[in-house]
Amino acid sequence: MSRIGKQPVEIPEEVKVDLKDTTISVDGPKGKIAKTFVPAVKIEKKGNTIFVSPAEDSRFSRAMYGTARSIIAGMVRGAFVGYVKELEIQGVGFKATLKGKQLVLSLGFSHPILYDIPENIKVTIVDGTKLKVEGADKQLVGQVTADIRAYYPPEPYKGKGVRIVGEFAERVRRKEGKAVA
């Protein structure tokens, strides 16, 4: 049995939750999120609390109800507080600008990189090199951050590139250049 799945999800007063079978939609001050879960989990709403339990006694059902509970808790938190990831661009001449709903990245290539910002995601730029990606959907915020970072990941020799602030290896392991004998 899942220890996480047994815990109820508390719903703040500002957040509205609609539940239809295994489809749940959460609406709050930071945005609206909807998700459909597999029928192997049973989702119940009682007052300001959501309970998740396995719908049947199968291994898959027992495995999925903890996952479903965790995703629902993330949806409620995202609609109430939101999620934020920060990126930092390092390198001479590397910068980012916004042009409508499009992010323009100058990362040392012969052409600018254009990235279309998805709906429900807000990107702010400070000093041209610090980006803040905000949104209600945890998965979407992480995916947008990973997509932007993938254009030029930090390289080990000069340390330039796009890095996520607070990443495990915040300091890129630097390699020594070619030694001249």
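Modeller: A pocket is an open set of points on a 1 Å grid over the protein atoms alone, where a 1.4 Å probe fits, with protein on both sides within 12 Å along at least five of seven lines, and its lining residues have an atom within 4 Å of a point. This is a predicted model, in which local features need pLDDT of at least 70, side-chain atom pairs count only at 80 or more, and totals for chains, interfaces and linings use all residues. Residues are numbered from 1 along each chain as its sequence is written, and side-chain values use heavy atoms, without hydrogens or water.

Biologist: Which residues line the largest pocket?

Modeller: Its lining consists of Ile33, Ala34, Lys35, Ser70, Ile71, Gly74, Met75, Tyr83, Ala136, Asp137, Lys138 and Gln139. Helix H2 (59-80), strand S4 (31-36) and helix H3 (138-150) each contribute at least two residues, and H2 has the largest share, with four.

Biologist: What makes up this lining by class?

Modeller: Six of the lining residues are nonpolar, three are polar and three are charged; Gly counts as polar, whereas Asp and Lys count as charged.

Biologist: Why is the protein called more spread out than a compact globule?

Modeller: The protein has three helices and 13 strands, which are DSSP runs (H or I, at least four residues, for helices; E, at least two, for strands). Its radius of gyration, taken over C-alpha atoms, is 21 Å, well over the 16 Å that the globule rule gives for 181 residues, so the protein is more spread out than a compact globule. That rule is 2.2 Å times the number of residues to the power 0.38. Along the principal axes, the C-alpha trace spans about 70 × 45 × 25 Å.
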